[in-house]
Amino acid sequence: MHGHVTGPADFRESRNPRQPNKLDARTIKRRNALLAIPKADTQSVATDLFEKCREFQTAREVMAMGIYPYFRVIQSAPGTVVTVDGQELLMIGSNNYLGLTNHPKVVEAAADAARKFGSGCTGSRFLNGTLELHVQLEERLAQFMKRPAALVFSTGFQTNLGTISCLVGRTDTIFADRANHASLVDGCRLSFGKTVKFAHNDMADLGRLLQSTPNGGGRLIVVDGVFSMEGDITDLPSIVRLARQHGARVMVDDAHAVGVLGSGGRGTAEHFNLIDQTDLVMGTFSKSFASLGGFIAGDEDVIHFIKHFSRELIFSASMPPASVAACLAALDIIESEPERRQRLWEITRRMHREFRGLGFNIGPTQTPIIPVMIGEDLQTFRFWRALTERGIFANPIVSPAVPKGSSLIRTSYTATHTDEQLDFVIATFAELGKQFGVIS
Ligand code: PMP
């Protein structure tokens, strides 16, 4: 695992026999001398900062085995079929839920906006980066989400960082689902408040923690609406009830739910008929909206506050015109073509039924995110490679993203997948599942 460190020819490292992961003191001194680290620092610097980078060999080992699945270069538009290394692959590894990434109206709107407003805003929303397009998108989103106000950020990740960290202060407490997305986790870390984690979608645990955590400042319950790996839906009715009982506010990250869940595509709150009782809803533009950026929707005074205190908004350049215009066009389609959402759900129900029927373990998913459990990491990488060789683009999820031994292939579906494409997915998984001993 620990790779050979390359360096000047006369430099030989030796390791501390009692701590084989660490270089011995003499080696560190000599290395620091070679790296021209000042003498004063050599006493206090235990190892070179970059030591870990040289020691990190896992990815290179997987590359050498020909089963490295990350940073794949796609040579075509992100549709249901993509080209990788000159080979056409059927895409079941994207978040293009409504298939709008190459919809002519969306692409045209982006191109028109670039021609009219240029390629970028060169500044933040706060100062010189607010175009009429941003304001229009915020008004349209507020209307669509049935909330008084909305605010757009340059990515969904930033939206979560910027919202949580500016709202939650020293005396406040966050109650977070353990399976929350990394951007929520980091938002909680960035805030000065205390974070209490509850077991995934376990309302008894959340209730206990709300009860036992001392009251002080404000309280915020933060959850994914649809969990991005598991594909299950948060128990929003219980969360809203507990929030009311214990004086907490509720924030839902609906990155995988807006455009997908609810009769009008408004996400988890609409799905449960709880729009009025969900304080803050976050969405991203990198999935159903076929663009890039994110938004937070809620009460006007809360959004006004975030606008004036969120560092991720104030100190980062705004969404480029093409991305904003693409969102506006995507929103038109989300509102006017419910048949896309209906098709996505028809596909989702079919794939749940077929995978489960074949004997695959797809966990508690209720949505177009369908994780197929494989087991060990290496086995999962091999399964992934076999899928690629047969013409399918899917994503392996291994530890530490999931517990060891629970590695999986994450699949997700798009409204524009054809029945024939789905037949092919099922037939291929059936064949490989047997070959790899995942199903009998
Ligand atoms: N929240 C969730 C649940 C997500 O899955 C993602 C993206 N993977 C994000 C937030 C971040 O969104 P973005 O890609 O727009 O930065």
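User: Before we start, what should I know about the model?
Analyst: It is a predicted model, in which local features need pLDDT of at least 70 and side-chain atom pairs count only at pLDDT 80 or more, while totals for chains, interfaces and linings use all residues. Residues are numbered from 1 along each chain as its sequence is written.

User: OK, how many residues surround the ligand, and which are closest?
Analyst: The ligand is surrounded by 14 residues, and Gly-156, Phe-157, His-181, Ala-255 and Thr-284 are the closest, where a residue counts as near if its C-beta atom, placed from the backbone, lies within 6 Å of the molecule.

User: Switching topic, which residues have the most contacts inside the largest nonpolar core?
Analyst: That core has 107 residues, and those with the most contacts inside it include Ala-150, Ile-221 and Ala-326; a nonpolar core is a set of buried Ala, Val, Leu, Ile, Met, Phe, Trp, Tyr and Cys residues joined through C-beta atoms within 7 Å.

User: And where does it lie?
Analyst: Domain 2 (63-91 + 338-435) and domain 3 (104-336) both give residues to this core, so it lies between them, with the domain bounds coming from an automatic or database domain assignment.

User: What about Phe-355, buried or exposed?
Analyst: Phe-355 is buried, because 23 other C-beta atoms lie within 10 Å, and the cut-offs are 20 or more for buried, 12 or fewer for exposed and partly exposed in between, with C-beta atoms placed from the backbone.

User: How far is Phe-355 from Phe-429?
Analyst: They are 74 residues apart in sequence and 8.4 Å apart in space, C-alpha to C-alpha.
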